[in-house]
Amino acid sequence: MTDVKIKAKDVQVYYGDNHAIKDVSVEIENNTVTAFIGPSGCGKSTFLRCLNRMNDTIDICRVEGTILIDGDDIYDKRVDPVQLRAKVGMVFQKPNPFPKSIYDNIAYGPRIHGMARNKAELDEIVERALRRGAIWDEVKDRLNAPGTGLSGGQQQRLCIARAVATEPEVLLMDEPCSALDPIATAQVEELIDELRQNYAVVIVTHSMQQAARVSQKTAFFHLGNLVEYDDTSKIFTNPEDSRTESYITGRIG
Amino acid sequence: MTDASMDSGPKKGSLTTVDARTKKRNAAEKRFKAYGIVAILIGMFFLVVLAASILRSGLPAFTQAEMKLEFVLSQEEFDAAEGQLLKTKAYEGIFISKLQDALTENGMSVAFDAAAIERLLGKPGSMIREYFRANPDKIGTSVTFSLPASSRVDGYFKGRVSRETVVDSRFFEAKDLDLVDALADAGIIVRNFNWNFITGSDSGVDNPSGAGIGVSVIGSLFMMLVVLVLSLPIGVAASIYLEEFAPQNWFTDLIEVNISNLAAVPSIVFGILGLAVFIQFMHLPQSAPLVGGLVLTLMTLPTIIISTRASLKAVPPSIREAALGVGASKMQTVFHHVLPLAAPGILTGTIIGLAQALGETAPLLLIGMVGFIARAYPEGVVSGFIDPNSAMPAQIYTWAARADAGFYEKAWGGIIILLVFLLTMNIIAIILRRRFERRW
């Protein structure tokens, strides 16, 4: 039984005159890690950023088609992108903690959304988020230390904790491990697998091994087209499309 | 494999001998370094020359030759003087006789008359009379009077006036210098620190000794207050809108180009604009710090907008994405994250803009703040803004244009005070930048 969280239909994205995403239709399931793979410039990050309307911040970017989350069209005029982004959290390529304390990094989202009525509740939210980000044990004694003082891997887990602190339902990750070493990557991947219990996770990655390791579903993008979308095991063992096969075997890309 | 490639490659010289090409490159590098050092040395040389000449010409303005005389006025002398027809003349006579006594006490005898004293001091009588009438209890006690010596006497001590160059006139005669020498030997004429120069107000064109810059400092401060209060919020708000909210289209491009152009518009143009708009059209008072501040605000705004936009741009976009990603609105992103990170740059830009405005003279020329003699401190905050006043650079300009050589020295002294203010502002800018600077 599949539980569809995000349903995209005939999505087109234009950067000015450049048609960056062409006719992408995809259904992303709940409690599943969905990986977007493809060569650089194929539009996978662009498509990811459509899912929480992060592309709104780019003036020349235009999105057509429908993207439904729980049946609601997120590009409907009545949808406030700010509210949407609280529901669809995002982790970026480069760890980008605020130049504030670890505590404030996590507490910022809950604060602006009014999720805590008092300090004790906020403390609780921060602890829960840090535990989910699998970084609580490392930082619990220095919550007032600056978040920028952590190592790269810790910073990225802090950013993941920050993203989950607002209790999102979908977690978007744009190459979350590209700036990390193998050990930190392994920690983050483990974390992603745990996060799957509660969220629909969408991860953009350049590493095919990573996609194979963490995801249950994989979408292969090429030149703005969604070439193939299927179970990860199917994509990596028996792809339908020759382009997918060429890419995962390393002949193109 | 390695052996083979080493053998097959063309044999170059040993690593310990430098080939011609490398030599050439090293020489070019050395030459470039030398150019740099020479450029810096030239710059420093001119800086030192500038500082030395300013200090040499300006420091004398901070001292003033004074005649210090201590004497006792008895009740009889007071009554006798008050009984006369020309009362101040009588006091002058008393002063002269006391001075004579003091000289004799020191074993010197120089003949001088009342006219010579008037050439040296002006008219001391009225001041002494005022003092004893105001403080009758001081009669019969020892009182020290400090009277500023005239510009020529002051100049004699500072090397501006000498026996050879002095031209006899009703202001000064060469023989007066004998008296000055005797008084200096007796310790009656001394050079003291001239507080009046720092705190006082401007004087008449023939009295450089009495001129001070204090009132125009106040004028400048009120102007800067107007500039700060107006240009910081307007400038920062405009920059935030242009940088973070405004769409990128031909209209915002046009605004951008115009702001850059405004920054390069000569200040005198802003002055004539201020004259036309603020004084002729809006009928704001002439020569008022309020108008000066408004004009300087117009001039400072482009500077503040440009530097604020630059520091907003310098905040990494990843911080904005992070904030938007957790569901902050655009405004929350700007005010919670971007602005605090840009604050040191904004403050630095603002202070530099203010410092620029502080030293600006040309626009003040057109709104009547130059050439105006500010003789009194403003009575309150409101009058500080709307009463006619001068400003530091305007006061310096006025002094520099006056004939008496004593004012020339005052102009240099005023420049020192102006530079002290500018240096202080720059140091504050550096400290603020250091303190608020954050890394990410």
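## Two loop residues with positive phi in chain A

L223(A) lies in the loop that joins β9 (217–222) to β10 (225–231) of chain A. In this predicted model, L223(A) has a positive phi of about 50 degrees although it is not a glycine. The residue counts as partly exposed because 13 other C-beta atoms lie within 10 Å, a number between the limits of 12 or fewer for exposed and 20 or more for buried.

D70(A) is found in another loop of chain A, between β4 (61–69) and β5 (72–73). Its phi is near 50 degrees, again a positive value in a residue other than glycine. With 13 C-beta neighbours inside 10 Å, D70(A) is likewise partly exposed.

## Nonpolar cores

The largest nonpolar core has 79 residues, and those with the most contacts inside it are L171(A), V201(A) and V202(A). Helix α6(A) provides the largest share of this core, seven residues. Leaving aside residues up to four places away in sequence, V202(A) touches I28(A), T34(A), F36(A), L48(A), L51(A), V170(A), L172(A) and M173(A).

Another core, of 61 residues, lies apart from it; among its members are L232(B), L298(B), Y397(B) and W412(B). In soluble globular proteins, nonpolar side chains tend to be buried together.

## Contact between chains A and B

The contact between the chains takes 21 residues from chain A and 18 residues from chain B. On the side of chain A, at least two residues each are supplied by α2 (81–87), β6 (88–91), α3 (102–112) and α6 (152–165). By class, this side of chain A has 10 nonpolar, seven polar and four charged residues.

## Overall form of chain B

Chain B contains 19 helices and three strands. Its radius of gyration is 32 Å, well over the 22 Å that the globule rule gives for 440 residues, so chain B is more spread out than a compact globule. Along the principal axes, the C-alpha atoms of chain B fill a box of roughly 115 × 65 × 35 Å.

Of the 440 residues of chain B, 35% count as buried. Among the contacts in chain B with a separation of 6 or more, 79% are between residues 24 or more positions apart.

## Domains of chain B

The domain assignment divides chain B into domain 1 (62–193) and domain 2 (214–436). The C-alpha centres of these two domains lie 47 Å apart. Five residues of domain 1 are in contact with four residues of domain 2. The side of domain 1 that touches domain 2 has one nonpolar, two polar and two charged residues.

## Helix α8 of chain B

Which residues of helix α8 (residues 176–185) of chain B are buried? They are D176(B), L179(B), V180(B) and L183(B). Seen down the axis of α8(B), the buried residues fall within an arc of 100 degrees, so they line one face of the helix.

These buried residues of α8(B) pack against β1 (63–72), α5 (114–121), α7 (151–157) and β3 (189–193) of chain B. Just after the helix, G187(B) takes a positive phi of about 75 degrees.

Methods: Residues numbered from 1 in each chain as written. Chains lettered and ligands numbered in written order. Predicted model: local features only at pLDDT ≥ 70, side-chain atom pairs only at ≥ 80, totals over all residues. Contact = placed C-beta atoms within 7 Å. Helix = DSSP H or I, 4+ residues; strand = E, 2+ residues; numbered from the N terminus. Nonpolar A, V, L, I, M, F, W, Y, C, P; charged D, E, K, R; others polar. Rg over C-alpha atoms; globule rule 2.2 N^0.38 Å. Domains from an automatic or database assignment. Arc of directions from axis to C-beta. Core = buried A, V, L, I, M, F, W, Y, C linked by C-beta atoms within 7 Å.
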